[in-house]
Structures are given as C-alpha cells and as structure tokens.
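This report describes a single protein chain in terms of its sheet, its helices, its charged pairs and its surface.

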Amino acid sequence: MRKTFGTGSVWEQTLGYSRAVQVDNTLFISATAASGPDGIVGDDFYSQTKYILEKLGAVLDDAGFSYEDVVQSKLYLTDISKWEDAGRAHGEVFGEIRPTLALVHVLPFLDPEMLVEIELVAQKSA
C-alpha cells in the first residue's frame, strides 16, 4: 500500500513531491521548514524547530501516526553552532520517545530566513 499526503504547499506541486508518503506501516515525511501562511515563522533556531515540529505533528496525525511512532529524525541546520537551541526544542517533543537523530550542517536554504528543516520517518508496529 502506498498513500501520499499533502499540505497544499505551492512547492509540493511545483517540485513534484509529497509532504509525506506512507508505504505499508511506515511514513516518510519530507524535510519541512518553518513556513507559515505569512512567511517564515520564528527568527531563531529554537522557535523555528518548535514550529516545524508542531507542523509535523499535524502531518503525523493526518496520516494516523503520532510522535510516539517516530523512529528517525533529521535536523538540517544552517549554523551548526546553534545545535543546542534546535536540540532543546526537539528534546521537548522527543525526550522520552528517543528516535534516531542526525544533526546536519547545510548551506543556506532557498529562503535565507529559513534556519532549520526537519525530516521524519515514523513506523507503526506490525
């Protein structure tokens, strides 16, 4: 079984991707930024990470998953020295769940106001 999920983002149609794709009991969520209806939400690593995780919580819920189902998390940061700020927000959500984690230092994103992107993989028990 393969099912796709979208959020209505103009980028999804333009670039030809889905916000999330479920294959059987696994959900793969595309890298997501802190973009809101009026632009980027938050101007620091903590607030953007927090906002992104709230957005991803809605994506998980829409697909019938939850934070507890997340097995892998990847944080892409434009300034690796701010890992503790992003990590604090991540830990507030995943501190007890403890998925695998990658902190990746990247060049600036398409929009220079974007500081963080997060990609998740969730899996339900078979």
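Is D69 buried or exposed? At 16% relative accessibility, D69 counts as buried, where buried means under 20% relative accessible area, exposed over 50%, and partly exposed in between (1.4 Å probe, protein chains only).

## Basis of the model

The model is predicted: local features need pLDDT of at least 70, side-chain atom pairs count only at pLDDT 80 or more, and totals for chains, interfaces and linings use all residues. Residues are numbered from 1 along each chain as its sequence is written, and side-chain values use heavy atoms, with hydrogens and water left out.

## Sheet

Six strands form an open sheet with mixed pairing, in the order β1-β2-β3-β8-β6-β7. Strands and helices are DSSP runs numbered from the N terminus (E, at least two residues, for strands; H or I, at least four, for helices), and two strands pair if DSSP finds at least two bridges between them. The edges are held by β1 (2-5) and β7 (100-105); each has a single partner strand, so one side of each lacks a neighbour in the sheet. From one strand to the next, the twist averages 10°.

Strand β6 (residues 70-77) runs parallel to β7 and is joined to it by six bridges. Within this pair, Y76 stands opposite V104 of β7.

## Helices on the sheet

Helix α2 (residues 45-62) packs on the sheet and touches β1, β2 (20-23), β3 (26-32), β6 and β8 (116-123), contact meaning heavy atoms within 4.5 Å. The direction of α2 makes about 30° with that of β8. Helix α3 (residues 83-94) lies across β6, β7 and β8, at about 160° to β6. Axes are lines fitted to C-alpha atoms, for helices over the stretch in contact, and angles run from 0 to 180 degrees between N-to-C directions.

## Salt bridges

The structure holds three salt bridges, each defined by a side-chain nitrogen of Lys or Arg within 4 Å of a carboxyl oxygen of Asp or Glu. E12 and R19 form one of them (3.5 Å, N to O), and both residues are buried.

K50 pairs with E92, the closest N and O atoms being 4.0 Å apart. Because K50 lies in helix α2 and E92 in helix α3, this pair ties together parts 42 residues apart in sequence. K124 pairs with D69 at 3.6 Å between the closest N and O atoms; K124 lies in the segment after β8 and D69 in the loop between α2 and β6, so parts 55 residues apart in sequence are tied together.
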